Amino acid sequence: MRLTREFYRREGRQVARELLGKILVRNYKGSVLRARIVETEAYLGPEDRASHAWKNKRTERTETMYLQGGHLYIYLIYGMYNCLNVVASVEGIPHAVLIRGVEPLEGEEVMRGLRNCKKKYELTNGPGKLCMALGIERRDNGVDLATSPDIWLEDDGYVPGEVVCARRVGIEYAGDYREMLWRYYIEGNPWVSRR
DNA sequence: GCATTGATAATCT
DNA sequence: GATTATCAATGCA
């Protein structure tokens, strides 16, 4: 069942936690790709120094985060890689959830075709990797997961086992917010980017 | 370990 | 308008 608007219109951390176990569905050139979300991070705009929208900063890029929950926020990092975020909360409050790891369920051969990767788990165990595997690029920025025919999220009733809270990755510049345990992952799942 | 890469935002003239 | 510092990472050595 496709997740509806109300799922996304909540506080970022709650959305991040509940996105674990949900399925990311992608229509890619006639193929249906499905992957279960196993790792997320929450970024809470106004107060969070690690967020692009810290102190409610509004720029052309961050504008997407101010849309209501359910939209995709996709940006280029390190000049080479795309990162996929799900916008949370209501209009005007820039919360976002970074998807860091997914487990392929369907169309894995197509995903491997989009990426040159040798080891099994390296296909989708990182934010840049999973974007490549699912054919997600910056032109998908601003797409609405609640209505798009090309990409959306589903709930198949799966309930994650033990969920771990941890520090977020790659935000050494964020001062005290470095310490916040706003990263969530399913314990023991091999598609998590790092332990 | 370390090089890669280009959009973005801040800081200048 | 031009210049520069920075970066929610990856892949190869």
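A polar side-chain atom of Arg115 sits 2.9 Å from a phosphate oxygen of DNA strand C. A polar contact here is a pair of N or O atoms within 3.5 Å; within protein, one must be able to donate a hydrogen and the other to accept it, and residues adjacent in sequence count only if both atoms are side-chain atoms. The model is predicted: local features need pLDDT of at least 70, side-chain atom pairs count only at pLDDT 80 or more, and totals for chains, interfaces and linings use all residues. Residues are numbered from 1 along each chain as written, chains are lettered from A and ligands numbered from 1 in written order, and side-chain values use heavy atoms, without hydrogens and water.

| Residue | Protein atom | Distance to a phosphate oxygen |
|---|---|---|
| Arg115 | polar side-chain atom | 2.9 Å |
| Lys129 | polar backbone atom | 3.1 Å |
| Tyr173 | side-chain N or O atom | 2.7 Å |

Strand 3 (72–77), strand 4, strand 5 and helix 4 (127–134) each give two or more residues to the surface near DNA strand C. Helix 4 gives the most, with three residues. Helices (H or I, at least four residues) and strands (E, at least two) are DSSP runs, numbered from the N terminus.

In total, 20 residues surround DNA strand C. Near means that a heavy atom of the residue lies within 4 Å. The closest are Leu98, Arg115, Gly128, Gly170 and Tyr173. Sugar and phosphate supply 60% of the DNA strand C atoms that come within 4 Å of the protein.

The largest nonpolar core has 43 residues. Such a core is a set of buried Ala, Val, Leu, Ile, Met, Phe, Trp, Tyr and Cys residues joined through side-chain atoms within 4.5 Å. Buried means under 20% relative accessible area, with a 1.4 Å probe and protein chains only; exposed is over 50%, and partly exposed lies in between. Leu19, Leu84, Ile99 and Leu153 have the most contacts inside this core. Strand 2 gives the largest share, six residues. A second, separate core of 13 residues includes Ala50, Met65, Tyr73 and Ala174.

Helix 2 (residues 12–19) buries Gly12, Val15, Ala16 and Leu19. They cover an arc of only 100° around the axis, so they lie on the same side of helix 2. The arc is taken from the directions from the helix axis to the C-beta atoms. At the N-terminal end, Glu11 caps helix 2: a side-chain oxygen lies 2.9 Å from the backbone nitrogen of Arg13. Just after helix 2, Gly21 takes a positive phi of about 90°.
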